[in-house]
Amino acid sequence: MENASIISRLMRRPSSWWHQFRTWQRTPISVAPLRDEQHVCLNCGDSFDGNFCPRCGQDAKTKRFTLRGALLHMIDVWGLGTQGMLRTLWHLFWRPGYMILDYLRGRRQSYFSPFKTVFVLAALTFVIAQMLPGEMIHADKVSVNIDRAPYDEKMGTATAEKLEEGMAHGIDNLNYIIQWQEDHYAFSVIIGCLLLTLTSAMFFRRPPTLPNATIVEHFYINVLINCQVLVVSLFYLFGRYALTGTINFSMPTGVSVIIYTLDYWQVYGHTLWGTLWRSLLSFFFYSLFMLLAIVLYFLIIGVMAAI
Ligand SMILES: [Zn+2]
């Protein structure tokens with residue numbers, strides 16, 4: 001009897017923590033309260049009450065330079081705002097779907113721009129990967145060995161040679177694209193987001209939370225989820241480096257798929273199963289479109305070589 005009551009008391013605590021966490025997750029971010037004392041703007045001389053000057057926009061908190069102020073000012077030069085980016089990443093990490101809904105519904109000023117976040121995080125990942133001493137693991141390059149003998153017989157040596165040349169050229173180009181993707185990490189992330197926008201808009205049509213979501217809103221959703229994926233892949237980069245000493249900034253695809261699925265669940269508000277099949281179909285078609293693009297690319301190379 002006594003044991004049971006201890007267990008139930010212990011159980012009650014985590015469940016109430018979980019309940020509090022879930023409540024916090026669903027609560028939109030709160031904005032700093034409005035200051036009601038009178039200010040005289042140091043920039044334009046107008047007097048006003050509130051947090052910012054209504055005439056020129058200068059912060060009411062503006063005062064003499066301090067070391068902390070100078071440091072924040074310096075971070076601002078790189079477009080990192082003052083605290084906006086870290087706060088955005090914090091919310092994106094712990095309540096991704098709800099934060100994205102906040103953002104889409106108009107709470108913009110409290111968060112950092114999603115596109116800046118992608119570029120900053122991608123650049124940061126790339127710089128860190130370059131700076132760490134150790135073996136860098138690159139994306140696999142494509143190589144194909146073609147046995148030309150049967151083609152020589154069928155279409156004549158000259159044509160087969162031409163075709164082989166064309167294929168080799170195509171593979172060189174494909175490897176160039178693979179290398180380019182690695183070197184231009186941020187751009188390839190955005191291209192991936194564009195493709196996922198198409199497929200997620202196909203399968204998450206009329207979601208419960210956003211019944212009339214537009215394709216542009218689907219795009220913002222995917223870009224924001226990708227910011228979270230980039231944060232996790234930074235942890236992956238460090239974790240992997242600590243454990244194995246090798247450097248690889250592309251996370252296993254499965255981890256990204258799980259993050260996307262969880263976030264789609266929160267953002268679109270379908271049931272877990274409803275979310276699962278829609279996500280899996282989105283990713284299946286995403287891979288299919290990628291594959292189609294590559295096949296189309298080789299067809300064009302082949303036709304060009306044959307002409
Ligand atoms: Zn002013």
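A residue is called buried here if 20 or more other C-beta atoms lie within 10 Å of its own, exposed if 12 or fewer do, and partly exposed in between. The coordinates under discussion belong to a predicted model.

With that criterion in place, helix α4, which spans residues 96-104, can be described as mostly covered, since 7 of its 9 residues are buried. The buried positions are Pro 96, Gly 97, Tyr 98, Met 99, Ile 100, Leu 101 and Tyr 103. Just beyond the end of α4, Gly 106 adopts a positive phi of about 120°.

Gly 97 is touched by Trp 265, a residue that lies in helix α10. Leaving aside residues up to four places away in sequence, Trp 265 also touches His 270, Leu 272 and Thr 275. Trp 265 has 19 C-beta neighbours inside 10 Å and therefore counts as partly exposed; the cut-off for a buried residue is 20.

On the α9 side, the contact is made by Ile 221, Ile 225, Gln 228, Val 229 and Val 232, which meet Val 255, Ser 256, Ile 259, Tyr 260, Asp 263 and Val 267 of α10. Sorted by class, the residues of this contact comprise 8 nonpolar, 2 polar and 1 charged.

Elsewhere in α9 lies Tyr 241. Tyr 241 has 17 other C-beta atoms within 10 Å, so this residue is partly exposed. Its contacts, not counting residues up to four places away in sequence, are with Leu 132, Gly 134 and Ile 247. The C-alpha atom of Tyr 241 is also separated by 9.7 Å from that of Pro 133, although the two residues are 108 positions apart along the chain.

The loop between β4 (246-247) and α10 contains Pro 252. Because Pro 252 has 11 C-beta neighbours inside 10 Å, this proline counts as exposed. From Pro 252 to Tyr 236 the C-alpha distance is 9.3 Å, across 16 residues of sequence.

These local features belong to a protein chain with 11 helices and 4 strands. Among contacts in the chain with a separation of 6 or more, 67% join residues 24 or more positions apart. How many of the 307 residues count as buried, as a percentage? The figure is 19% for the protein chain, whereas in α4 the buried residues number 7 of 9.

The overall dimensions complete the description. Along the principal axes, the C-alpha atoms fill a box of roughly 90 × 70 × 45 Å. The radius of gyration of the protein chain is 26 Å, whereas a compact globule of 307 residues would have one near 19 Å.

Notes. Residues numbered from 1 in each chain as written. Predicted model: local features only at pLDDT ≥ 70, side-chain atom pairs only at ≥ 80, totals over all residues. Contact = placed C-beta atoms within 7 Å. Helix = DSSP H or I, 4+ residues; strand = E, 2+ residues; numbered from the N terminus. Nonpolar A, V, L, I, M, F, W, Y, C, P; charged D, E, K, R; others polar. Rg over C-alpha atoms; globule rule 2.2 N^0.38 Å.
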